[in-house]
Amino acid sequence: QRRIELNSHLAKVDWGKTQAISYAGLDGQPLRGLVVLPPDYDPAKRYPLLVWVYPGTLSRNFAYWNDPYLPGFYNLQLYAARGYVVVVPSMPRGAGTQLREIQAGMQNGVLPAVDRLVEMGIADPNRVGVFGQSLGGYAVNSLITQTNRFKAAIAIAGNNDLAQSSFQFDPLARGYPGIEHEKSVNWDILEQGFGLGASPIDDPELYRRNSPLFDAKKIETPLLLIHGEFDARGGFPQAEAMFNSLSRQNKTARLLRYWGESHSLAQSP
């Protein structure tokens, strides 16, 4: 007897073929990207391309992104099944000063991967979008302040003002009177995980340089912002501030706020 069946909708999805591509970054470094092709891929056609970004991604991460059973928006096969080619480019991060200036090298592994797929006759150069979640959402916000290459962008749970994110309360810390402000670990994630190496108190200009919100005037790409109410890694104001900035400039943007959702937007069916 079948007692339980989960995610049965995935059985109805035709998996696309995956392959690796080799290319050179803007700095000349040899890199690789993971490509997911639509299940009915025709080499005689050019396809719309979705670029999934996450700084720090290297070829050793491809086994994770190649899993056809990843949940929710992480499952790249679901986009391929809708007729898109999806690429996960390598986005190596340097050390020392390079690590601290995370925005400066954001395009390095991304744009050459797009160029390579166009060169191979796979991607339509006029239909390229970029999307990502968490640090990937931050990467999306950063990239579109630096290039107009993308026709559309989706930033899921991404930060825009790193100083504000460093000081924010954890929205899940309610009920800890007197110590609620001590429950967040974002300051440590930014200083150690991001590699900024200093607090906004000690180096405010470093945080400003690496915060896409302060370069919103440069954005021309239509942007969809998606954020959960209980996101502990970046609160609602991160998405609201970027949306409001673009709205006041009469630029194309849309904000989707999910009440009761966390950083991964995985609480509700």
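Hi everyone. Buried means under 20% relative accessible area, exposed means over 50%, and partly exposed is in between, using a 1.4 Å probe and protein chains only. Please keep in mind that this is a predicted model, where local features need pLDDT of at least 70, side-chain atom pairs count only at pLDDT 80 or more, and totals for chains, interfaces and linings use all residues. Residues are numbered from 1 along each chain as its sequence is written, and side-chain values use heavy atoms, with hydrogens and water left out.

Let's begin with helix α7, residues 186–193. Helices here are DSSP runs of H or I with at least four residues, strands are runs of E with at least two, and both are numbered from the N terminus. Which residues of α7 are buried? They are Asn186, Leu190 and Glu191. These sit on the same side of α7, because they cover an arc of only 125° around the axis, the arc being that of the directions from the helix axis to the C-beta atoms. On the face turned away from that buried side you will find the exposed residues Gln192 and Gly193. The buried residues pack against α6 (162–167) and α8 (204–209), where contact means heavy atoms within 4.5 Å. Just after α7, Gly195 has a positive phi of about 90°.

Now for strand β3, residues 47–52, which is mostly covered: 6 of its 6 residues are buried. Which strands does β3 pair with? With β5 (residues 123–133), β3 pairs in the parallel sense over 5 bridges, and Trp52 stands opposite Phe131 there. With β4 (residues 85–89), β3 also runs parallel, joined by 3 bridges, and Leu49 stands opposite Val85. For strands to count as paired, DSSP has to find at least two bridges between them.

Val51 counts as buried, because its relative accessibility is 0%. Leaving out residues up to four places away in sequence, Val51 touches Val87, Pro89, Val110, Val114, Val128, Gly129, Val130, Phe131 and Phe150. Gly28, 23 residues from Val51 in sequence, is 20 Å away in space, C-alpha to C-alpha.

Val51 also brings us to the nonpolar cores. A nonpolar core is a set of buried Ala, Val, Leu, Ile, Met, Phe, Trp, Tyr and Cys residues joined through side-chain atoms within 4.5 Å. The largest has 47 residues, and those with the most contacts inside it are Leu49, Val51, Val53, Val130 and Leu223. Apart from that one lies another core of 18 residues, among them Leu50, Phe62, Leu76 and Ala80.

Finally, the rings. Rings of Phe, Tyr and Trp (its six-membered ring) pair if their centres lie within 6.5 Å; planes under 30 degrees apart are stacked, over 60 edge-to-face, and the rest tilted. How many aromatic pairs does the structure hold? There are 10. Tyr41 and Tyr47 make a tilted one, 5.3 Å centre to centre with 35° between the planes. Tyr41 is partly exposed at 25% relative accessibility, whereas Tyr47 is buried at 4%. Tyr64 and Trp65 pair edge-to-face, at 4.9 Å and 80°. Ring pairs also link Trp52, Tyr64, Trp65, Phe73, Tyr74, Tyr79 and Phe131 into a cluster.
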